[in-house]
Amino acid sequence: MISFTGARFSLAAGVAILFFGGFCVKGEASGEIRITSYNVENYLSMPRRIDGKLRSNAGKPESERAAVVRVIDTIHPDLLGLMEIGEPRQLEDLRRRLREDGMNFPYSDYLEGSDTTRHLALLSRFPIIERHSRGDLPLRVDGVTLHSPRGILDVTVEPSPGYRLRILCVHLKAKLEVAEYNEAGLRLAEAGEVRRYVHDILRADPQTRLILMGDFNDTKNEKSLREITGTPEGPDSMRPLSLTDDHGEYWTEFWAAADIYSRIDYILVAKKLEPEIDTVHSGITRPSFWNEASDHCPVTLSLNPQLTPTP
């Protein structure tokens with residue numbers, strides 16, 4: 001189930017929907033393209049308590065890695081944007097596990113920003129024909145030059161000859177207090193840079209099939225998200241999809257420290273893509289074991305180029 005902010009889209013009548021404790025599962029309409037964004041929560045090496053003992057450099061526990069694969073298996077995406085991936089070897093670990101589970105992603109992109117621990121990545125079934133990612137994004141915050149922790153991952157894929165999708169992945173600064181600078185100010189500065197980045201892409205080619213997705217670490221009422229979307233009537237606006245699970249709930253992340261459920265993971269699309277959205281097969285995946293894998297739930301956009309009206 002899906003809606004644009006401010007404009008509801010009804011589900012297509014007579015279409016069978018399969019559920020797996022979340023929204024749709026694999027095996028739906030022919031010609032569809034599934035794009036998923038998923039924060040896999042520290043799929044990396046870091047200090048962890050294992051069997052009651054603190055280890056200074058432990059990987060994501062085996063049970064959690066297996067659960068991540070099980071969650072992704074309920075979707076079988078064609079394009080998978082990942083947040084909180086560690087080193088390249090850890091991305092390859094996940095890629096191998098997915099392949100062994102029947103999900104082969106021959107193409108990939110990986111981006112390191114100023115954060116030396118958590119990175120962005122994209123796995124793709126389709127050829128990546130352009131790469132324009134920017135890892136180093138200097139930003140001015142309160143008169144001081146800071147850097148975007150994760151940057152902007154930017155690739156163009158070609159699912160079929162002549163049909164291209166430009167995918168941007170982001171993971172904005174977390175809502176965690178930092179003594180050295182204003183974390184909210186950095187997140188807002190990142191949002192401003194993303195807006196300029198989107199504006200430049202769509203000004204150069206308004207027909208770009210542009211998708212922006214990731215962990216924005218802010219809710220829709222916050223200034224950072226409004227900054228990114230732009231003026232709704234503008235030719236360079238990006239529309240956030242109001243994705244829901246099969247219970248009609250919008251939240252995508254559980255912050256255990258505060259007992260707060262929030263929607264901070266988004267997929268936004270340019271106007272060119274709106275007619276191609278398959279509303280039935282887009283949504284939030286929330287199987288019963290979702291929190292065994294991550295504190296986030298994946299969000300998925302399903303596109304069907306055949307839905308585009310004939311001129």
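pLDDT is the predictor's confidence in each residue, on a scale from 0 to 100. The model shown is predicted: local features need pLDDT of at least 70, side-chain atom pairs count only at pLDDT 80 or more, and totals for chains, interfaces and linings use all residues. Residues are numbered from 1 along each chain as its sequence is written, and side-chain values use heavy atoms, with hydrogens and water left out.

**Figure 1. Overview of the protein and its confidence.**
The mean pLDDT of the protein is 89, and 88% of its residues reach 70 or more. Residues 3–21 have pLDDT below 50; beyond near neighbours in sequence, this stretch has 41 contacts in the model. A contact means heavy atoms within 4.5 Å. The protein has five helices and 20 strands. These are DSSP runs numbered from the N terminus: helices are H or I with at least four residues, strands are E with at least two. Of the 311 residues, 54% are buried. Buried means under 20% relative accessible area, exposed over 50%, and partly exposed in between (1.4 Å probe, protein chains only). Among contacts with a separation of 6 or more, 71% join residues 24 or more positions apart. The protein exposes about 13,800 Å², with carbon and sulfur atoms supplying 50% of it. Areas come from the Shrake-Rupley method with a 1.4 Å probe; for residues, only the protein chains shown count as cover.

The structure holds four aromatic pairs. Rings of Phe, Tyr and Trp (its six-membered ring) pair if their centres lie within 6.5 Å; planes under 30 degrees apart count as stacked, over 60 as edge-to-face and the rest as tilted. The ring centres of W251 and W290 are 5.2 Å apart and their planes stand at 65°, so this pair is edge-to-face. The pair links distant parts of the chain, 39 residues apart: W251 is in the loop between β15 (239–240) and β16 (253–255), W290 in helix α5 (residues 290–293). Both are buried: W251 has a relative accessible area of 15%, and W290 has 12%. W251, F254, Y261 and W290 form one aromatic cluster.

**Figure 2. Arginines over aromatic faces.**
R286 lies over the face of W251, 3.6 Å from the ring centre. R70 lies over the face of F289, at 3.8 Å from the ring centre. A charge sits over a ring if NZ of Lys or CZ of Arg is within 6 Å of the ring centre and within 35 degrees of the ring normal.

**Figure 3. Helix α2 and its cover.**
Helix α2 (residues 88–100) has 13 residues and reaches 18 Å from its first C-alpha to its last, close to the 18 Å expected at 1.5 Å a residue. The expected span is 1.5 Å times one less than the number of residues. Its buried residues are Q90, L91, D93, L94, R95, R97 and L98. Their cover includes β3 (33–43), α1 (62–73), β6 (79–85), β7 (107–111) and β8 (119–124). Just after α2, G102 takes a positive phi of about 95°.

T208 lies in the loop between α3 (183–204) and β14 (210–215). T208 is buried, at 13% relative accessible area. Not counting residues up to four places away in sequence, T208 touches R166, I201, L202, A270 and K272. G234 sits in the loop between α4 (223–229) and β15. G234 counts as buried at 12% relative accessibility. From C-alpha to C-alpha, G234 and H199 are 10.0 Å apart in space, and 35 residues apart in sequence.
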